[in-house]
Amino acid sequence: MRTSRLLLATEREDPSDAEIVSHRLMIRAGLVRRLAAGLYTWLPLGLRVLRKIEDIVRDEMDRAGAQEVLMPAVQPAELWMESGRWDHFGPELLRLRDRHERDFCVGPTHEEVITDIVRREVRSYRQLPLNLYQIQTKFRDEVRPRFGVMRAREFIMKDAYSFDLDEAGSRRSYEAMRDAYRRIFARTGLDFRVVEADSGAIGGSRSEEFHVLAESGEDDIAFNDAGTYAANLELTPAPPPPSRGPAAETMREVSTPDVRTISEVSRRLGVPPERCLKTLFVEGDAGPVALVLRGDHDLNLVKASRLDGVRAPVALASPDAVREAAGAGPGAVGPVGLGVPVVVDRWAAAARDFVCGANRDDAHLAGVNWGRDAPEPATADLRNAIEGDPSPDGRGAISIRRGIEVGHVFQLGRKYSESMHAVCLDESGRARTLEMGCYGIGVSRIAAAAIEQSHDENGIVWPDAIAPFEVALLPVNAHRSGRVRDRSEALYEALRAAGIEVLLDDRAIRPGVMFSEMDLIGIPHRLVLGERRLDEGAIEYRRRRGGETEIVPLEEAVAHVAARLDRRSGEG
């Protein structure tokens, strides 16, 4: 490809609405353009990246035995009513009616449609196992689309669905997809982790997420250095607490006017945050439920949502509800004499001589102890794990990093096949409800995640496998030198003949502008040809990722580049 024939829509200034690096650089490098909130047009450079990601995904899905299909983006409401999700999916589901007043939605996912296909087409166990996948546009009506294509309303996704006769077969299908996903993300050149995850709205008994490590990630993931444990922070168990010592203080009330937060209480009373307990009121099935944690710990919403009597998703009770239940506002409540159900985090239950709200405005209690001043509590693991906690598998300590979710695999069981009556006959001629799995990859999100993980002050630094071009060929002042122009044209054709994807910058522009644009675009390898090097029979080669400039004999240029291309096969 020649730059003179390419829609190279680079920009010098950062977009005003860009909050993260990938959004800023995708606009500046001319990969995408915003059409409306959460809707983006992919320009030629960006589409080349997408197609390369899709090619890797297709290659590994086909290798794993999956078959590609293409399902409609618009889905009839009847299918969603069968599965029970029409009323429960929420406002992210974009609903519409056609001219005949029939209800439809724009698909955020395709469990219902694929289950309908299989219940119509699969009759016998001889047709199993079956794995069908597609790469297609999805739509989720995000309340606040942001971060460019990272959290857009319309996005490109690979979704796959497996069907098996029994759970053992479903586990094998799940493991095959898990292995395929590992190969996919290894081939894209990303630093990623596979973590245990919550199944969320999709449902199912087992799920794992694939996260690209990047500071801009929206999820916290916990893992140990041994590589034997990794999980989403919301699913990481906290270690057992130390045993509680004997009481050493007498409970007393302390006046604390205008004190509401743990840090304010800690400063006012000279007590460390770990000895200050906070009481959070959340909505319950029969009224508010009080959850008590140490002041230096954060409530884990997924753990809390699994408590009996607590509504999911977890929501804090209103200040009025707190006052009605406890006689004081948030920030002044505590477990002593509280007339609502109380569940205490295990580490808070191990505290002694602690400070808590007095259930009176502008007052706290100090020197409080369980079993003497408040009943021995019902306990649960409620807090987030923290950096340095012992790893749940007993091998070292955990580290916590931000991650961008780019893939998710679920072992669904019979959640959809049962409600939608997807059955087939086994060897005995008996009807069996099918076991399902579903497996998603955010194709467009991978492009943004790669930029978040790999960039510098000059622009994008693409991994070779998903770069829009492998090599940028930059002739300096070719419009003034016939020799440079002729040799660059010959080299361009030689690179193409060798199967190397090359972008020839044939514009009559200053070298500095040419170099800065190629840095912005992020093409991983660069060849620069000018009069001086041509006199020496040489060319300059530089790798985009922090490489030093090398002087290479001109006749060896193609072989030199070919030897340095990272074309991962996904083996192993």
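Buried, on this tour, means under 20% relative accessible area, exposed means over 50%, and partly exposed is in between (1.4 Å probe, protein chains only). What you have open is a predicted model: local features need pLDDT of at least 70, side-chain atom pairs count only at pLDDT 80 or more, and totals for chains, interfaces and linings use all residues. Residues are numbered from 1 along each chain as its sequence is written, and side-chain values use heavy atoms, with hydrogens and water left out.

**Stop one: the cysteines**

Select Cys-356. With a relative accessible area of 1%, Cys-356 is buried. A disulfide is a covalent bond between the sulfur atoms of two cysteines; here the test is a pair of cysteine sulfur atoms within 2.5 Å. The structure holds zero disulfides. For Cys-356, the nearest cysteine sulfur belongs to Cys-276, 9.6 Å away. Now jump to Cys-424, where the nearest cysteine sulfur is that of Cys-438, at 19 Å. Cys-424 also counts as buried, at 2% relative accessibility.

Helices (H or I, at least four residues) and strands (E, at least two) are DSSP runs, numbered from the N terminus. Two strands pair if DSSP finds at least two bridges between them. Strand E17 (residues 354-357) pairs with strand E18 (residues 363-368) over three bridges, in the antiparallel sense. Look across from Cys-356 and you'll find Leu-365 in E18. Five residues sit between the strands of this hairpin, and Asn-359 takes a positive phi near 60 degrees there.

**Stop three: strand E10**

Next, select residues 206-213, which make up strand E10. Why is E10 largely enclosed by the rest of the structure? Because seven of its eight residues are buried. On one pairing, five bridges join E10 to strand E9 (residues 192-196), running antiparallel; Phe-192 stands opposite Val-212 in E10. On another, eight bridges tie E10 to strand E20 (residues 398-413), also antiparallel. To check that one, pick His-211 and its bridge partner in E20, Glu-405.

**Stop four: helix H11 and Glu-452**

Select residues 443-453 for helix H11. Ten of the eleven residues of H11 are buried, so the helix is largely enclosed by the rest of the structure. The buried ones include Arg-445, Ile-446 and Glu-452.

Zoom in on Glu-452. Leaving out residues up to four places away in sequence, Glu-452 touches (heavy atoms within 4.5 Å) several others, including Ile-20, His-23, Met-150 and Ile-404.

Pick Gly-482 in helix H12 (residues 482-497). Gly-482 is partly exposed, at 30% relative accessible area. Its C-alpha is separated by 47 Å from that of Gly-442, 40 residues apart along the chain. Finish at helix H13 (residues 511-521), where Met-514 and Leu-520 are among the buried residues. Just after H13, Gly-522 takes a positive phi of about 90 degrees.
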